[in-house]
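Visitor: I would like a close look at a single part of this model, with its surroundings described carefully. Please state each cut-off where it is used.

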Amino acid sequence: MRRPHVLLALALTALAGCSASPPAAPPPTAAPPAQPDAPPAAAAPASGGAAASTPPPATSVDVPAALRAVVDAADRADADRALDAGRKPAEMLAFFGIQPGMKVAELAAGGGYSAELLARAVGPGGVVYAQNNRFVLERFAEKPWSERLKKPVMKPVVRVDRELDDPLPPEARDLDAVFLVLFYHDTVWMEADRAAMNRAVFRALKPGGVFAIVDHAGRAGTGVTEVKTLHRIEEKIVREEIERAGFRLAAEATFLRSAADTRDWNASPMVAGEKRGTSDRFVLKFVKPGG
């Protein structure tokens, strides 16, 4: 993998596991010289294939009391609670059907914001395989991630240090769900083999298992051309790539949608400022057929 520009490393605060507010930094004014901006035309998916299926109707979310209690737990860190209003974690856990005793995974867990919520939700009878790659750990996550793993509530979590092309260990099989939160767009500029990643997730899930995707929505026709500059990706591309791995799009939710978002500003927390948590985000539930 080519070494990303240092400015791109700053964008990693958009990781699903980010739990601390980073220092302010000016927005990037242009893509790095070594990786010039792509043309504005829609980018083709990573490999050929049919168009994505017609999306299912949007699904409303009722949050069970048990999951509301997970988010409201008094021992959660203040820094994590500060992110909740913009992330709606109770709705996320409920929409993807997380319950005690489940075996789940999170790709690109970062500092562990979502991984801790998953650990609390599956409880001591469950397991959470929480993956980070070397670049994320070295540039961003090692210290906060290691500190979070010391918390007793993180006992169900298995730390996984692997690359995104093959993100889960052999023992991570027959999983109930795999999460990738606010990071699919980052797998593009990081030049991960997304087709291999999606196939690996498919293999790790049990029939009927869920691939849970949340990301910042790009404008129609932009494809993957704004993953570096605006940290957004066109939903259509994500659907096509994941369905190509064999998944079926079973449901989508609207609790992170924002009609007011013009989708022309940088959604990275490093530069979003007061807009952080207000971007238009798609929430997609893919299912491995056969359950």
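Visitor: At what relative accessibility does His231 stand, and does His231 count as buried or exposed?

Guide: His231 counts as buried, because its relative accessibility is 3%, where buried means under 20% relative accessible area, exposed over 50%, and partly exposed in between, with a 1.4 Å probe and protein chains only. This is a predicted model, in which local features need pLDDT of at least 70 and side-chain atom pairs count only at pLDDT 80 or more, while totals for chains, interfaces and linings use all residues. Residues are numbered from 1 along each chain as its sequence is written, and side-chain values use heavy atoms, with hydrogens and water left out.

His231 sits in the loop between β6 and α9, the elements being DSSP runs (helices H or I of at least four residues, strands E of at least two) numbered from the N terminus. Its phi is near 55°, a positive value in a residue other than glycine. Most residues other than glycine have a negative phi. Leu182 also has a positive phi, near 55°; this residue lies in the loop between β5 and α7 (184-189), and at 6% relative accessibility Leu182 counts as buried.

An open sheet of eight strands runs in the order β1-β7-β8-β6-β5-β2-β3-β4 with mixed pairing, two strands being paired if DSSP finds at least two bridges between them. Its edge strands, β1 (58-59) and β4 (157-161), each pair on one side only. Within the sheet, β2 (residues 103-106) and β3 (residues 127-132) pair in the parallel sense over four bridges, and Ala105 stands opposite Tyr129 in β3. Helix α8 (residues 194-204) packs on the sheet, touching β5 (175-181) and β6 (205-216), where a contact means heavy atoms within 4.5 Å. The direction of α8 makes about 140° with that of β6, the axes being lines fitted to C-alpha atoms, for helices over the stretch in contact, with angles from 0 to 180 degrees between N-to-C directions.

Of the 291 residues of the protein chain, 55% count as buried.
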